[in-house]
Amino acid sequence: MAEPVDWRADGIPRSARFDDIYHSESGAPAQARHVFLGGCGLPAAWAGQAQWRILETGFGFGLNFLTAWHAWREDPQRPRLLHFVSIEAFPVSREDLLRAAGAYPDLLPLAEMLAAQWHGLLPGFHRLGFAGGQVLLTLCIGDVQPMLRAQRFEADAIFLDGFSPQRNPAMWSADTLKAVSRFARRGTRIATWTIARSVCDALAQSGFRLTRSPGLPPKRDCLQGVFEPAWEPRRRGPAAPPPATPGRCAVIGAGLAGAAVAASLARRGWQVRVLDAAQRPAAGASSLPAGMLAPHVSPDDALLSRLTRAGIRLTWQQLEALLAEGVDWRASGVLERRAAGDARLPSGWSEMGPNESWRAGEARLRAAGLPADALALWHARAGWVRPARLVEAWLAQPGVLVETGCRVARIEATGEPAAGWALRDAGNRLLAEADRVVIAAGFESGALAPAYPLQPVRGQVEWGRMADTQRLPEAPVNGDGHLIAGVPTADGRLWLAGATFDRDSTDAAPRAADTAFNRERLARLLPEAAAQLDAAFASGATGTWTGVRCASADRRPLVGPLSSGSADGIWLCTALGSRGLSFATLCAELLAAQWHAEPLPLPIKLAQALDARRATEPGSASAM
């Protein structure tokens, strides 16, 4: 449930939980501009920078974020990328978010875009993207100290906000402010509206040199500071590499993984050259006519569940921004049929949210032709996607060049130490030169990354054209097999059913036994739908699609340097398995964040669970 807000007669929002108001009576944007942006020297400080990273403790209604975004948008000297990382334990409702911004006409359009992504705010990290991916909000839902421990980056500016130290002491404790200081580098600016003695003392002890400045009435003073410790700060773990300077990047593979990487890097200023062995992009597993986008759900909200949820949020933003809904994809929701007694839901999840998966009601079951006592889950943030359309849209982004019919056989350094990389085919012909290389060629990545135990997994799907008289489920249904219906094409609507999972097989030829297997599973999953399709199967009016996916030993993607010696040169982004639509954007953004020393789109432990190096290090591939 969203955090309830009490609205005073003068329009000031108040928290009953903390018995305090959310912002100054002078108005949140005025406070944001005077105390926080002004206190950190913005917007002047970010002029000409490649990126700017802000850490905030206390999101509230997001008005500090909206004010910073507005200042960025209006500034011709703005950085290419604005990162805003904010922590909030008790998110308010979408309606209250819009009500708070309603008094500020310059911020309301931005608030409406924020509200459109204000959903599914379970505990954890949520990456929200705006302005074509150049404004990135990482919203960390949870108590402040665990959220600070779960993230790691060097902030350029820090906004200390939240309810007063008297009302919410945990937010301003010495331990919390020490944790905040771990995000600062020398020169990082910090700003807050409070001058409480305990806060000043804790910040000074953590290495900040502080100055009192005139406050925004009714406050007399506010606090500014800069991180200049008299000692050399100790860092948790190894020092992060410096941000990469965008240059030339070669991406091997033009499927979902490679196209997503190309688009993410191009947004950051890279000139990306995508090489693929096939004669067209999305010729492998990404050529599936339509795929299902749905989260994994588990009673303990396990690692895979959290990863797929984070990935779908990012993919959803890309679908809304780049594709035509109802044509290239459909936000239909997905019904997942479960075996009796296996609801798979964490305790407390219901249709009231903030979770976006819950037990399906009778109306959903009836729409799929299932009996009222069937057990199924309804995934509201789910649907079907035509993968090749998404690949096409990513590869069409500025800064991306695609070359097909180019099979890379060897990658070699061009200097000593390596100043760049040359990519050559089997005949030693030079295909490309680049500063960095990303291998994203699905199961064929193994030829360039032999140390990694990559497994090909063949899949077969049956498909056919829908007759006008057929009434197949409007929403995809999965479980033991799946059915997607109503996919529009120039020749009519398609249905698809499958898929098989044949490990260690790269055979692309259709198999009659697999067709029979898919047909039998469909009959168990959706008897009414299967009965409508019997005549098409019997007459041979159905088609078959086959593709080969790539999986790792633990069935999680591999994202990271090819080896410890190539951390600044050759990287992997592969093994997306049967969840390419869920994982492609997430893996691409994780790779880009690591290259550019950006805030991570995932908590550290979840990011480590995708690190490619786990696959070659003893004992490191176990579930976390």
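Let's start with helix α9: 14 of its 20 residues are buried, so the helix is largely enclosed by the rest of the structure. Buried here means under 20% relative accessible area, with exposed over 50% and partly exposed in between (1.4 Å probe, protein chains only). Helices (H or I, at least four residues) and strands (E, at least two) are DSSP runs, numbered from the N terminus. This is a predicted model, where local features need pLDDT of at least 70 and side-chain atom pairs count only at pLDDT 80 or more, while totals for chains, interfaces and linings use all residues. Residues are numbered from 1 along each chain as its sequence is written, and side-chain values use heavy atoms, leaving out hydrogens and water.

The length of α9 (residues 303-322) can be checked too: at 1.5 Å a residue its 20 residues should span 28 Å, and the end C-alpha atoms are 29 Å apart, which agrees. That expected span is 1.5 Å times one less than the number of residues.

Now for the interior. A nonpolar core is a set of buried Ala, Val, Leu, Ile, Met, Phe, Trp, Tyr and Cys residues joined through side-chain atoms within 4.5 Å. The largest one has 76 residues, and Phe65, Leu66 and Leu114 touch the most other members. Its largest share, 7 residues, comes from helix α2 (residues 63-74). Another core, of 58 residues, lies apart from it and includes Trp316 and Ala609.

Phe65 also belongs to a cluster of ring pairs, together with Phe36, Phe59, Trp69, Phe84, Trp118, Phe130 and Phe159. Rings of Phe, Tyr and Trp (its six-membered ring) pair if their centres lie within 6.5 Å; planes under 30 degrees apart count as stacked, over 60 as edge-to-face and the rest as tilted. The whole structure has 20 such aromatic pairs. In one of them, Trp172 and Trp193 have ring centres 5.8 Å apart and planes at 80 degrees, so the pair is edge-to-face. These two residues are 21 apart in the chain, and both are buried.

What about the cysteines? There are 0 disulfides, a disulfide being a pair of cysteine sulfur atoms within 2.5 Å. The sulfur of Cys222 is 10 Å from the closest cysteine sulfur, in Cys40, too far for a bond. Cys222 counts as buried, at 1% relative accessibility.
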